[in-house]
Structure formats: C-alpha cells, structure tokens
Amino acid sequence: MSQSARKVLQETFGYENFRPLQEEVIRKVLNKNDTLVIMPTGGGKSLCYQIPALLFDGLTIVISPLISLMKDQVEQLHEFNIPALFLNSSLTPEEYEENVRKVRNGETNLLYLAPETLLMPRTRNLLAQVKIDCFTIDEAHCISEWGHDFRPEYRQLAEVRKDFPDAVCLALTATATPRVREDIRQILEMKDSQTFVASFDRKNLFLKIADKDDPVEQVLDFLYTRKNQSGIIYCFSRRQVDELYLDLKDEGYAVKPYHAGLSERERTRNQEAFIRDDADIIVATIAFGMGINKPDVRFVLHHDMPQNIESYYQQIGRAGRDGLRADCLLLFSHSDTQKINYFINQKEEPEKSVAKKHLDNLLDYLETTECRRVPLMAYFGETYKKDNCGMCDNCLALDSEKEDLTEQAQKFLSCVVRIEERYGINYVTDVLRGSHQKKILENGHTELSTHGIGKEWNRDQWTQLSRLLIRKGYMKKDPKYGSLKLQAEAKEVLKGTQRVEGILDRTQAAIDGKAVERTSSEVENRYDESLFERLRKKRKEIADEQGIPPYVIFPDTTLMEMSYYYPQDSESLLQIYGVGSAKEKKYGREFLDLIRKYADEKGIKERSKDIEKKKIRHSDKKKHHRVGEEYNSGKSIEHLAEQNGVKVATILANLKKYYDEGFDLSPEGLLAASTLSERKKDEVIKAMKKNGPELLKPIYEDLNKSVDYSELRVMQLYYLANNK
Ligand code: ADP
Ligand code: ZN
C-alpha cells in the first residue's frame, strides 16, 4: 500500500520523497486507524489525507473552518487533476446542486465542508447515500476551548462522525499545546488512535531580533535587499498599519494594508492582491493571516512586539511554507514591552497572570544570547539539541561571547548627561568621537570632558551600543525628538555598581543575504536569477488568465529548479520538483519553450538532475551511490537526511563510503554543513594537516576536545574532498 502511496506522491504531485511522518500517517489512515497529526505550518499536513483520498474507493470528507482555505485547496488539487469539490455558502444554488450531484454519483475523491454545512440535515442526508472512507478534520484545534480559534460547531463533529462508522478519522492541527491535543482526542473519542507529533523546528526560517531605534529606516533597509519578494509586516495598531503602509507606498513598494478597520471588501481585495502577487507586501495587524496558504512568503517582519510566543510562532510560521529560506525580523524595544504590560495590567485575574507568564516567555526568547531555537522549541516542549542552528542571529554572531561593555556604556551615558539630555544618538556619537562639526562647536561641546574620549569605536559600534542601552532600559529615546534621557538604573552604571554586558550586533550582513550563503542548498544559492524572473512572469501571466494564484501553477521551488537545471525536454522536466504528470501536460510546453530559448540565447546546456525519479523507483543502485550522486548534484546534507529519513551522521557515513570507492565529492556542500566558526574550521584543518585526516581521535585530542566528533566527521570529508 505504501508503494502505491509513493507512486501517487511522485507521479501525481511530482515530489520525490515524503516529508517526516507523512508516510507513517498515510499508512495508518489506509489501515483505517484513527490518527491525530500535529505538524507545524508547512509541514505537509494536506498530503496526509489527499494521498489516501486517491487510493480509497469511497469519498474523503475534509472539514475546514474557512472558505478561503477550501477554495485554495480545491484549486490546487484541480491543478494536479485530482477531483475535489466543496460545499459552502459561497456557491450559487446552481453550483451547489451541481456539486451535490457529483458527490452522489461518486465523481469526486475529496469533499471539503464547513462544519456548519456538515451539520445541516440535507448534507447529512446526502452523505448517508455515499460510501465514505475517511473523515478528516483540518485545523482540529478549533474543537478546543483552550485553543486560539474555538469554533462551537466543531464540538458537534463527534456526533456526526457516528454517521460514518466505516470511515477512518484523521484530525490535523499545527497547535502543539498538550491540553488542546488531549481535548481533541477526547472530544472526537479517538480512543485507540495514534498521535504523531512532528518537530516544530522550522529549519528554513532565519530568526533575527534587532533593537528598534528608527523603525521606518530599519524596515526600508530590510526591504531594500528583498525587491519583488512577498512578505508580511505585522504592526500593533491599525494606525501604525496605515502610517507604515503610506511610507512604503511613497517609496514605491507594491504594498497593501490589512486590519479590522477596513471594510470586508477592501480586506478581501487586499488579501487577494497579495495572494496573486499583485502586491508584494502586506502591512497588517494580527487580523491578517488565518486562511493564507501562500507558500512563497519570503519574510515576516514584526514592526512591533507580538502578544506572546505562540502568536509570534504562528505569524512567522506563515513564511517559507515552501521550505525555501525565509527571514523573520522582529524590531524590539523597551517601550513596546511597557505598552504590552500596560494592557496586561488592565486584565482581570486569572487572565492577568497568564498573560504575564506569556510575556515573560516571549522576553526570554527576545533577550536570549544563545541560539534562538533553544527557548522557542522549549516553549513547545521540545529540547533543541544542536548548539548552533546556523539560522539565527545569535548563532551567526559566531564565536563571540558576551562582551563587557561597561566602560563604553559609562562613556556614552556620561556624555548624555553632559549634553543635558538634549540630543540624539548621532550627536552623542559625534561628540564621543571628537567631531568638530559646526553644531558641536556652536554648542561649545568640544570643551566637554567627554569630547573625543570614544575614538576607539566607530560610529556603527556606538550606535549599536546605544540601542543596547535603550533596550536594557538605561536610557529612553524621546519619541518625538529622538533626544536621549537617562533612566534611574543608569546611575548604577555610572557609579560602577552595575556592569553592562552584551553582544553587539554583527549579523547585518547575514540578514542582508550578502556575506553568507543563503542556505545550505546548492540550487537555492546558485539558480539563475534572470531566468527565474522570466519564469515568474510567465507563471503570473498564466495565473491571471485562469484567475488563480500563481503558486497554484508552480511553487517557487519548481521555478528555482528549472533555473538551475535548465531542463530541455519533457522527460527532464518531469524530474523537476513539483512537476507531476498533469502539470507537465498542461504547462510543460510553455515553460520548456521559455527555458530552451533562454538557454539558446546564453549558450547554456542542461544540467542533468542526475537521478531521475524513474531510476530511483526501479534502481537497484547501492544506497551510498545514490546519496553520493544526489549530494554532488547539489542537495544539502541536511536535505538528504530528511529526505531519506535518517540522521545526518548516516548520510556522512554514506558519503565517506562513496569517497572511499574512488568517487569525487564536491567540497562546498560539506563546508556548508559544518556549523563551526571560520576560525574553528581553520584550526581543525590545521590539526588534520598535522595529524593526517584519517584518524579522528588524535585530532580530537589535539584540539583539546573542543570540537565534537560529528563536526570532525564533516570536516574530515571536506578535507579529503579538497585534497584529492
Ligand atoms: P501544512 O498544511 O502542514 O501547513 P501543506 O500541506 O500546505 O502544509 O504543505 C506545505 C507545502 O509543502 C505545500 O506547498 C506542499 O505542496 C509541499 N509539500 C508537502 N509534502 C511534500 C513532500 N513530501 N515533498 C515536497 N513538497 C511537499
Ligand atoms: Zn541558532
């Protein structure tokens, strides 16, 4: 059975391998065992019922809380040539009747229903006449009052479920709290069911927190390197949304606002513009997001602090569903914290204490100097084991440890006192650096004892320190004039009774996407951007003609692979991610023509995606050969591990074996897989030169056990690959 599921995955959907847990869940469903699946957004929940739906004789019902979600899913399924329908209040009576007829005649595999539609006697009547094999409850947390979107109608699903004793029940949610989980199981009476919980770590999200000092400038800086990318900017209030929206519009961005103050029509229109790539950016309050299935959201920027970790996680979760890198930046300020505190204090107990606890959890995350994934995952009850994720600001701050910044903090704060708290960051910095600007001369500030005492640092460093001092509450910035005011605690620093420690921000380059490789995937780092843009245009054209969102035709991942491999015929095209047989038939010609023309113009040849899907299917090739070839064709080691459902160490062992049999390995992917700092990498290489690369123990000892074996194994392969 699993074999046919895999076949559907590859031939119908055009994906090579299952994501973690998908295969296990599908197996359970096909065996008619009730199952609860908890997977983060983008984890791939839909396939867990869509593939069984194609393998069952009878109908699969999918309960979904939002019309927009149903519509999106059905559109996507139609693109794959999969018969699917919905029944809800958005249909005209004629459309409704037509769909009812198709259900009755067994002309569809999947039927999406709003819970209230399911509860209607005429629907129950209709369903009593057909064979139903699977009863799926999407967004199952809506059943629980402890969840964030409780829907009373969901409560009655348990009752209706009894109408279909032969159907297996599959409940899916991205909400991880144990309380909600238990509620779902109890209410749906899933007694002997199995629960699958996927990891909540979203590896492709880059997490960064920055001190908020000049938010508009910071937002513009951030957007500057992200032209044409889709993203969401969350603000605290409607007013803030409107202001920022106008700022960005003035700068020429394709942007739309979204908040509860707009009319329903405007909201729908703006959301639609975003989904269809007519607007790149949505500036929104938390009202925005539910029901958005757009997989290629490339960034989520929090202009203001979110309410708690859970909503933060939910909001950033809307980025990068397609598995490609996405950036999450949060602008953090002390005054936002105070604002939230103010709101919390308006609440009654026990909500007040709960909200306080939530805020504390959020602050732990925002203020941590260790890997951001540690507190984030801890909140969801997971222990994050790696000590360097390579995808958060703290981990990229390399091996820097907290620095003692007390001396500079004293210089800065006393300078603020000397200028009588009348000026802002730039002015103070200029005085510290000994500037003789006109204004400083006129004010007589060249005479101050603090004039010129800060030449050891550049402007950037002082600016960063000042942000840190504001964030830690030693100073405040006047919201109107930007002048700096000392707070009570600053006295302690000036007296020398309190020390200031921290890490100055060194990750701007990483978030700019310049200094570092964007990810560890060769395709993502090296695809042909100008071909990609042409393909995107083509996709948008076709989408507009058909009135569907571009991503429904092909996700970015597909276009990216096309712009890396330059497939020249339909056989090669079928090997590209997300190109199944239906889409190949429908769009293959148009995209191939474009790629061929481009490749001709530039004199580029096709790059073979070494392992064809067919070959994988029928091959009796040894595993380590397959892994070696796929690795050399540009897949990252992590990707291979995930795809094969094994540990990174296993992939490394495979690659070693491959190498030992005389094959070459490309060094870049190995270097990318290492999480060591550049300095450490050099140290390891030196130790390998000295001791020879084959035996790891002497190298381990030589480095005073400071680098663990798993890292040494990566570097060993890199060393070997490089010195062949
Ligand atoms: P969720 O509902 O858990 O948020 P989706 O089911 O929408 O996630 O899947 C997210 C994206 O990942 C979709 O674009 C989907 O087509 C894609 N996807 C799902 N499973 C796989 C897979 N096994 N291989 C490749 N892509 C997949
Ligand atoms: Zn990290």
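A residue is termed buried at under 20% relative accessible area, exposed at over 50% and partly exposed in between (1.4 Å probe, protein chains only). The model is predicted: local features require pLDDT of at least 70 and side-chain atom pairs pLDDT 80 or more, whereas totals for chains, interfaces and linings use all residues. Residues are numbered from 1 along each chain as its sequence is written, chains are lettered from A and ligands numbered from 1 in written order, and side-chain values use heavy atoms, without hydrogens or water.

The zinc ion (ligand 2) is coordinated by the SG atoms of C371, C389, C392 and C395 at 2.3 to 2.4 Å; donors are N, O and S atoms within 2.8 Å of the metal (3.2 Å for Na, K and Ca). Along the chain these donors are spaced as C-x17-C-x2-C-x2-C. Angles among the four donor atoms span 101 to 118°, and the site is tetrahedral (four donors, all angles between 85 and 135 degrees). Of the coordinating residues, C389 is buried at 12% relative accessible area, and C395 is buried at 7%.

Ligand 1 is surrounded by 16 residues, the closest being Y15, N17, G42, S46 and Y577; a residue is counted if one of its heavy atoms lies within 4 Å. This shell comprises six nonpolar, seven polar and three charged residues, with Ala, Val, Leu, Ile, Met, Phe, Trp, Tyr, Cys and Pro taken as nonpolar, Asp, Glu, Lys and Arg as charged, and the others, including Gly, as polar. An oxygen atom of ligand 1 lies 2.7 Å from a side-chain N or O atom of S46. The protein buries 86% of the 560 Å² that ligand 1 exposes when taken alone (Shrake-Rupley method, 1.4 Å probe).

Note on methods
Polar contact = N/O pair within 3.5 Å; in protein donor to acceptor, adjacent residues only side chain to side chain. Tetrahedral: all angles 85-135°; square planar, octahedral: opposite > 155°, others 65-115°.
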